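The following paragraphs lead the reader through a two-chain model. Please keep the sequence and the structure in view while reading.

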Amino acid sequence: MLGMNHLLAVAGTFAVMAAGAVILPDWAMFLIVMALAKGLVCLGIVGMMRGGLVSFGQGLYYCAGAYTATLFANSFGITDIFLLCIVSAVVCLAIGGLFGPLLAGYRGIFFAMLSLALSMVLYGSLSKLSVIGGTDGLNIAAPTFLGWEPEGRALQSGLYLFVSALVVAAGAVMWRYFHSEQGLIALAARDNELRVEYLGASVRKAMTLNYVFGAVLGGLGGTIAALALGHVDPEFAFWTTSGEFVFVAILAGYLSVPAVFVAAIILELVRSFSNLYFPNTWQLALGVFLLAVIVALPGGLGSLVDRRRKREGAQ
Amino acid sequence: MKQTIRTICATLALATGLSAPAMAQDDTFKIGVITFLSGQAAESFGVPAWNGGQLLIDMLNEGGKLPAPYDKPGFGGMKIEAIVVDEAGGATKQVQEFRNLVQREQVDAVVGYVSSSDCLAVPPVADELKAFTILYDCGTPRVFEDNSFEYVFRTAAHATMDNVGLARYLKSRGFEVDSFAGLNQDYAWGQDSWADFTGAMAQLYSDATVKTALFPKFGAGQYGTEISALLREKPALIHSSNWGGDLQSFLLQATARGLHKRTQLALSAGDHVIPQLQDKMPDGIVLGARGVNGLLAKARGGDLQPLTDTLWDSYMERYGVIPVQAPFRMWQGLLGLKMAVEKAMDDNGGKKPTDEELAAAMKGLSWDAPSGRIEMALGGGHQAIQPTAIGVTKWNNETKMMELVDIEYFDARCVNPPEGMKSQDWLAQGFPGAQCD
């Protein structure tokens, strides 16, 4: 399991993030909640990227999680964030368990396109279902926390603390998984799949596991996003949403877990400010930023940490 | 891990550093305007609306440019300052931007939203933040029929009016419609418009049969298959709520194959493509503008003529193109806001009104706009009704301008449901309480 210094790092990270609940202004807290929710989805993609796969359809789980929480909340009047997260995670685990073994046989563009197709099937179906709002979507009430029903800033802080804790926990679990024997098999398969198979490990199993992890993380991210926004619509499963997740994953690179969340926050900040200061050319501003990052850091933000670590190791 | 913590600290510091709020000033009234500046809805609605908005704000700040009661400068003497945000990017982004406008930019009011899904997503947040918000354009009746909000107002009638007006026009002008078909975009707007139109037709033309209901996808661009199907089915009338590029390409492709000569076309929201299509828009199309907007307002005359002409002439002068429906709706929203601000200032002794005071002033308010008398009559005083009109296209070869002829004007209470009744029930029950002269 996690060593002592890792546990300290986890606790420290959470403490630093929790301080944000006091010092951050409301809008920044909301922005970070959304960024972290998307970061969770991207963490799932990073897991797959370690095995050399890129899912272009994580919107499927993001949307499935969001709609599960919304429909569950609206039909049973349940607003507890813990319960909603568990329900969404279970539903996404089931969907991921169904499609995971199927998709694990595909590589490269075939995997990307198949995952994209699945998410677009969900998008198309939800757009047609006018009983649950069609393309206009549905609203969901603000969450409660084990009976606590905050409003205003307290609600934002509660949500922020919840998602911070979730991110730290998910990050730690995924970090542990990435460095476990099973997780390292995926990394090895990225370099040479055939060799891994000859060594007696199952690449298919590794890919399936990565996919299922991605599904659950996607569902959790979608649930948090739905609760923070108060609204879900089929756009959650649209390919542009999935594309954005892939972008964050590329921005972060597959070398570091925290980099995923940092990348998600940076992207949200850049988008938010470019939107305000360049209302007519914000897409251009965003595009230039993305291009600059890709040119300057082809390995992603995580490569900064990795480079430094390697340098320290060499000394 | 140290690196990570440092990175997180840096990010947090960055976020806090950027958080210093803009100071609120008492001599300016800051509004956040959200409308499409990119994407398909920009050309049709977003950009013309914002052009109209900018024009009005400039004229109000200068003062004395508009006829009474709008001749006082600014909003109650306060200078109007606008921050414009692009609506493209989906409801997720809009909720975020809304929070940024209210909490970071500290705007005094938000005016915006063309897309129905944004209009459904934003109001709960507006109420949570207690931020005075005007929805100026979007169509879905669900906003105030399924929910009620304290700080949110819609200054334009919802979309049921467009299709009820269209069906009433056909009836009163004696169009013989024994069968009809629909071609609508495959998303909530198109689906709802078609449901409203068939609902209204079932009451007014109970014998008419529906030949086919086609829903090509949003942004399809190619309508060859649909046009073939419509030519084969030979309905007496084709209804379409398409807008923007979708409507333009449908019209261009349909006229090339003579569809408009074999069957009557009825477009519930089609006036806004006139500047782009000009004489390529065929004559004899029954056309609505989602209210007495654009050419329909220009042709109306009456007491509001000076106000309409002010909009028309100044818009033509600055942008060199006729104003279509979107700038009219932006004007009715901003003029309503002006009335509400000034009413609230009359009540509170001339101070800059709070969100609560604004909401109290706006509730049930009525005012004159270039598009007619706007009354906040539905949804407990939060949802506007307005008169509407339908006309028929006719190209004037001498002036080289499109005209609308045979225009019929409908009273607001003739084409909008009464307070407390959902539009779907109103249609199903045969328009109870409708007041048509």
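Over residues 29–391 of chain B, the chain is 46% helix and 18% strand, and the end C-alpha atoms are 39 Å apart. Helices (H or I, at least four residues) and strands (E, at least two) are DSSP runs numbered from the N terminus. An unreviewed UniProt entry lists these residues, 29–391 of chain B, as "domain: Leucine-binding protein"; UniProt positions follow the numbering used here, feature names are shortened, and annotations may be inferred rather than shown by experiment.

The model is predicted: local features need pLDDT of at least 70, side-chain atom pairs count only at pLDDT 80 or more, and totals for chains, interfaces and linings use all residues. Residues are numbered from 1 along each chain as its sequence is written, while chains are lettered from A and ligands numbered from 1 in the order in which they are written.

Confidence comes next. The model scores ipTM 0.80 and pTM 0.85. Chain B averages a pLDDT (the predictor's confidence in each residue, from 0 to 100) of 90, and 94% of its residues score at least 70. Over residues 11–22 of chain B, however, pLDDT stays under 50, and the model has 13 contacts beyond four places in sequence for this stretch. Two residues are in contact if their C-beta atoms, placed from the backbone, lie within 7 Å. Where pLDDT is low, the predicted coordinates should not be read in detail.

Chain B as a whole has 17 helices and 15 strands. A compact globule of 437 residues would have a radius of gyration near 22 Å, and the 22 Å of chain B agrees with this; the radius is taken over C-alpha atoms, and the globule rule is 2.2 Å times the number of residues to the power 0.38. Of the 437 residues of chain B, 56% count as buried, a term that requires 20 or more other C-beta atoms within 10 Å of the residue's own, with C-beta atoms placed from the backbone.

Within chain B, strand β9 (residues 264–267) runs parallel to β8 (residues 237–240), to which 4 bridges join it. Here B:His239 has B:Ala266 as its bridge partner. Strand β9(B) is also joined by 2 bridges to β10 (residues 286–288), again in parallel, and B:Leu267 stands opposite B:Leu287. Strands pair if DSSP finds at least two bridges between them.

Helix α14 (residues 325–348) of chain B contains B:Phe328. This residue is buried because 32 other C-beta atoms lie within 10 Å. Beyond its neighbours within four places in sequence, B:Phe328 is in contact with residues including B:Gly291, B:Ala297, B:Pro323 and B:Pro370. B:Tyr136, 192 residues away in sequence, is 10.0 Å from B:Phe328, C-alpha to C-alpha.

Chain A has 13 helices and 2 strands. Buried residues make up 53% of its 315 residues, and its radius of gyration of 19 Å agrees with the value near 20 Å for a compact globule with that number of residues.

How do the two chains meet? In the model, 40 residues of chain A are in contact with 37 residues of chain B. Elements that give two or more residues to the chain A side include α1 (4–23), α2 (26–50) and α9 (203–229) of chain A. The largest share, 7 residues, comes from α1(A). The chain A side divides into 20 nonpolar, 15 polar and 5 charged residues; Ala, Val, Leu, Ile, Met, Phe, Trp, Tyr, Cys and Pro count as nonpolar, Asp, Glu, Lys and Arg as charged, and the others, Gly among them, as polar.

Technical notes:
A residue is buried if 20 or more other C-beta atoms lie within 10 Å of its own, exposed if 12 or fewer, and partly exposed in between; C-beta atoms are placed from the backbone.
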